[in-house]
Amino acid sequence: MSALFPVHIALQMPAHSGVGHLLTYAAGSPLPPGTLVRVPLGRREMLGVVWDSPGDAQALPEGTQLRAVASVLEGITPLPDAWRRLVAFAARYYQRSIGEIAMAALPPQLRELSSEQLARRLKPAKVPKTAAAAQAVAAPLPLVALSAEQQQVVEQIAAGKAGERPFLLYGSTGSGKTEVYLRCVQTALDADPTAQALVMVPEINLTPQLEARFIERFAPQYGAGAVVSMHSGMTGPQRLKSWLAAHTGAARIVLGTRMAVFASLPGLKVIVVDEEHDASYKQQEGARYSARDLAIWRARAQGAQIILGSATPSFESWHASRPPSEDDPQGGRYLRLHMPSRIGAAALPKVRLVDMTQQPKRAVFSPPLMAAITERVQRGEQSLVLLNRRGFAPVLYCADCEWKSDCPHCSAHQVFHKGDRTLRCHHCGFTQRVPVACPSCGNPDILPLGKGTEQLEEELARLLRNVQRPDHEPARVARIDADTTKAKGALEEQLAQMHAGDIDVLVGTQMVAKGHDFRRITLVAAVQPDNALFSNDYRASERLFCLLMQAAGRAGRDADYLLANGSRAEMWIQTRDPQHAVFTALRSHDYPAFAAQQLQERADAGMPPFAYQALVRADARTQEDAQAFLRAASQAARDAQLPGLDDVFLFPPIPMTIQRVANVERAQMLLESLDRTALQRFLHAWQPLLHQLRAQPEHRPLVRWLVDVDPLAI
Ligand code: ADP
Ligand code: ZN
Ligand code: ZN
């Protein structure tokens with residue numbers, strides 16, 4: 001009988017199985033940790049990662065029957081230890097199984113393709129580099145001279161020790177943060193032929209622009225294949241290709257969205273997290289990880305440098321980078337670097353608040369704002385109108401019987417989309433034709449209530465119909481939101497039109513407010529930002545402030561353009577509450593004052609970042625069943641006197657803000673602690689109890705439960 005080598009394998013287990021652990025298999029030869037294998041599970045064969053070996057075969061209990069590893073993915077070197085440590089940490093911290101995190105971190109095609117198919121993909125590309133291809137990466141562009149602020153920041157980062165302190169690059173919109181990232185990456189790559197860099201952006205739509213800048217900078221020196229992207233908009237083969245390039249070290253720079261934090265990067269030396277405050281870094285399904293937080297952990301564990309960049313840092317990062325003071329001689333863990341000025345001495349836009357209580361009733365665009373937009377069009381400048389709500393109107397309404405276009409499956413309205421005459425629920429996707437009359441009383445006069453981007457676009461086109469551009473052509477109004485960009489390539493095309501100056505007024509959602517380096521926008525307007533403040537989420541003000549500040553950052557980025565046009569940049573805000581702290585802080589572009597005031601409130605109320613939170617959510621057919629599970633979970637923790645319980649406060653279960661989605665009732669329970677370790681200890685001990693509870697007959701009606709550590713919305 002041949003020798004048996006038992007190995008622990010991480011596999012994707014169904015979440016409800018409750019198997020959070022590794023499964024043991026037998027291999028014909030010792031397999032190093034990190035080896036990719038295929039193993040049988042039930043009647044299927046699955047991808048797995050060798051995690052470790054439990055010792056020698058003799059140590060196994062007598063009569064243990066192990067299933068054999070089916071095959072080893074030859075040709076792919078084992079995943080590095082650093083990668084396994086990252087996955088293990090993420091699994092532990094976010095209360096998931098190692099296998100679940102590990103499999104989600106690998107490109108889907110690794111799971112889907114057979115070993116033979118993979119072997120074919122792994123063959124090196126046969127086409128040798130042609131002269132033409134070499135030409136395409138031709139001569140390096142001359143470097144721009146750094147501004148004094150950029151220079152200082154680059155030097156400070158270069159002087160920092162890798163893996164020691166994260167840098168928070170607090171730089172105004174248009175201060176040239178990207179150039180700083182480029183220089184820091186350059187320094188790291190030049191210093192070590194195996195060095196790799198990870199650069200993260202919050203949204204897919206920001207990757208092409210960044211990719212172009214990185215390729216332009218690095219392809220001449222390191223080859224066109226040195227820069228790869230990783231995001232969910234890529235096809236399976238593309239993702240596999242990028243992943244392999246990063247894993248083998250062929251790619252020196254990986255650009256991507258949150259998923260890229262799990263890339264296998266054996267030579268990782270520097271990480272950049274651009275727009276680090278952005279909520280998109282938090283995964284909202286499955287394992288609810290924060291890619292920013294994991295990046296910080298990873299940098300330290302792997303001895304890499306990390307730079308978090310933002311014009312409006314998250315309060316967590318702002319607080320963590322506080323300078324030492326008299327009563328806080330230590331200061332924060334991060335080092336804060338500041339670039340207050342815009343490149344080329346462009347001024348930040350002047351913020352103009354329009355008090356909508358003093359404007360004509362029902363006007364979507366106040367007369368002074370409309371005059372300002374008109375003037376821009378006549379000068380050939382661009383304007384951006386921001387409204388964070390797509391569709392034509394958020395609800396249809398019957399004035400006779402008060403019928404509203406409620407979604408039959410959710411506690412939410414169906415949104416009226418005029419273009420295709422549909423009512424659509426943005427939560428469950430349920431879509432209907434718009435009724436010709438009130439379904440309840442037959443009144444033919446049902447009215448749209450409130451405004452969405454579709455309506456703004458229509459309204460603007462109407463208001464500007466007689467306005468001419470300098471070339472005497474009519475004004476061109478366009479819209480970018482999730483509805484206009486569904487088709488592949490549509491967003492790129494629309495953004496290209498904007499950059500080319502083929503659009504005069506662009507209406508859009510937050511999609512266009514962030515990151516883009518538009519050169520000819522001189523006016524940005526937020527027409528109805530107040531809605532965001534009615535939310536009972538304690539982060540609502542922070543989020544709105546960031547969004548408006550980012551949006552303002554799209555205006556007046558090119559000082560020469562402003563000068564040539566004799567124009568200046570403006571940010572217009574229409575509000576019924578001009579004295580609100582968000583707006584007054586915005587007017588003075590005073591992020592530090594706003595952050596200080598908000599952080600003081602959080603400190604007084606014992607909220608993050610001064611406390612740590614986790615949410616447990618339960619979904620069931622009835623709200624009562626959902627809450628019953630959470631109550632039982634809470635009781636079970638007390639009965640078992642779980643470790644950490646003394647330091648963790650469990651709030652009573654409550655319905656979620658949007659209580660019902662797709663006929664499922666949702667409830668949540670908040671956990672809070674001043675001590676992160678205690679909260680972690682508690683969650684860890686609690687998890688098996690939750691699995692046990694779920695299996696009990698009285699909790700059978702439960703659809704699912706989940707834990708969200710460091711939740712963004714509560
Ligand atoms: P941020 O990310 O801080 O908003 P960007 O990195 O997009 O700003 O830079 C704003 C603009 O300034 C870009 O068009 C960029 O090419 C340009 N830029 C950056 N640094 C310099 C520099 N040192 N000299 C000239 N132009 C620069
Ligand atoms: Zn009616
Ligand atoms: Zn719905």
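Helices (H or I, at least four residues) and strands (E, at least two) are taken here as DSSP runs, numbered from the N terminus. I note that this is a predicted model, in which local features need pLDDT of at least 70 and side-chain atom pairs count only at pLDDT 80 or more, while totals for chains, interfaces and linings use all residues. I number residues from 1 along each chain as its sequence is written, and I follow the lettering of chains from A and the numbering of ligands from 1 in the order in which they are written.

Backbone exceptions. I looked up proline 609, which is found in the loop between helix H18 (591-605) and strand E24 (612-620), and recorded that a cis peptide bond joins proline 608 to proline 609, with omega at about 5°. Histidine 472, in the loop between helix H13 (453-463) and E20, has a positive phi of about 70° although it is not a glycine. Histidine 589, in the loop between helix H17 (581-587) and H18, likewise has a positive phi, of about 50°, without being a glycine. I keep in mind that most residues other than glycine have a negative phi, and that most peptide bonds are trans. For burial I count C-beta atoms placed from the backbone: a residue is buried if 20 or more others lie within 10 Å of its own, exposed if 12 or fewer, and partly exposed in between. Histidine 472 is exposed, with 6 other C-beta atoms within 10 Å, whereas histidine 589 counts as buried, with 22 C-beta neighbours inside 10 Å.

Domains. I read the bounds, which come from an automatic or database domain assignment, as domain 1 (5-122), domain 2 (145-339), domain 3 (346-390 + 452-604), domain 4 (392-451) and domain 5 (612-709). The centres of domain 2 and domain 5, taken over C-alpha atoms, are separated by 35 Å.

Sheets. I count two strands as paired if DSSP finds at least two bridges between them. One open sheet has seven strands in the order E8-E9-E7-E10-E11-E6-E12, with parallel pairing. Strand E8 (227-230) and strand E12 (335-339) stand at its edges, each with a single partner strand, so one side of each is left without a neighbour in the sheet. Within this sheet, strand E10 (residues 268-273) and strand E11 (residues 305-310) pair in the parallel sense over four bridges, and isoleucine 271 stands opposite isoleucine 306 in E11.

I then traced an open sheet of six strands, E13-E23-E22-E14-E21-E20, whose pairing is parallel. Its edges are strand E13 (350-355) and strand E20 (477-480), each with a single partner strand, so one side of each lacks a neighbour in the sheet. Five bridges join strand E14 (residues 382-386) to strand E22 (residues 521-526) in parallel, and leucine 386 has alanine 526 as its bridge partner in E22.

Elsewhere, strand E15 (residues 395-398) runs antiparallel to strand E19 (residues 446-449), joined by four bridges, with isoleucine 446 as the bridge partner of cysteine 398.

Helix H15. I found that helix H15 (residues 540-552) has 13 residues and reaches 18 Å from its first C-alpha to its last, close to the 18 Å expected at 1.5 Å a residue, the expected span being 1.5 Å times one less than the number of residues. Twelve of the 13 residues of H15 are buried, so this helix is largely enclosed by the rest of the structure; among them are Arg543, Phe545 and Met549.
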